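These are my notebook entries on one structure. I wrote them in the order in which I looked things up.

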Amino acid sequence: ARRPELAALLGSGVRGAAPEAGTAAGTGDAEPSEAETDDLAAVSRMFADLTESHTARLEAMGLST
């Protein structure tokens with residue numbers, strides 16, 4: 001949330017599209033823009049997918065608790 005450019009970059013890998021030019025860069029708005037919210041949601045999905053895949057791998061190896 002503090003680095004919208006990083007969120008856009010990470011989110012673009014999830015969506016499979018390049019980050020939009022000027023996405024949330026230096027807007028200074030207190031509320032996140034729609035593009036920022038979409039980027040943060042994409043990053044959240046990416047980490048959720050990573051966590052789920054990791055959990056499945058641990059379970060497959062019998063290492064889950």
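Entry 1, S64. I looked up S64 and found it partly exposed, because its relative accessible area is 41%. I used these classes: buried is under 20% relative accessible area, exposed is over 50%, and partly exposed is in between, with a 1.4 Å probe and protein chains only. S64 lies in the segment after α2. Leaving aside residues up to four places away in sequence, S64 touches L58 and E59; a contact means heavy atoms within 4.5 Å.

Residues are numbered from 1 along each chain as its sequence is written, and side-chain values use heavy atoms, with hydrogens and water left out. The pLDDT is the predictor's confidence in each residue, from 0 to 100. For the protein chain its mean is 74, and 66% of the residues reach 70 or more. Over residues 15–27 the pLDDT is below 50, and this stretch has 17 contacts in the model beyond near neighbours in sequence. Where pLDDT is low, the predicted coordinates should not be read in detail.

I found 2 helices and 0 strands in the protein chain. Helices (H or I, at least four residues) and strands (E, at least two) are DSSP runs, numbered from the N terminus. Of the 65 residues, 18% count as buried. The accessible surface, from the Shrake-Rupley method with a 1.4 Å probe and only the protein chains shown as cover for residues, comes to about 4900 Å², of which 56% belongs to carbon and sulfur atoms.

I recorded 27 residues in α2 and a reach of 39 Å from its first C-alpha to its last, close to the 39 Å expected at 1.5 Å a residue. The expected span is 1.5 Å times one less than the number of residues. The buried residues of α2 are E36, D39, A42, V43 and M46. Why does D39 count as buried? D39 is classed so because its relative accessibility is 4%. The C-alpha atoms of D39 and P4 are 7.8 Å apart, although 35 residues separate them along the chain.

The largest share, 3 residues, comes from α1. F47 lies in helix α2 and is partly exposed, with a relative accessible area of 46%.

Key: This is a predicted model: local features need pLDDT of at least 70, side-chain atom pairs count only at pLDDT 80 or more; totals for chains, interfaces and linings use all residues.
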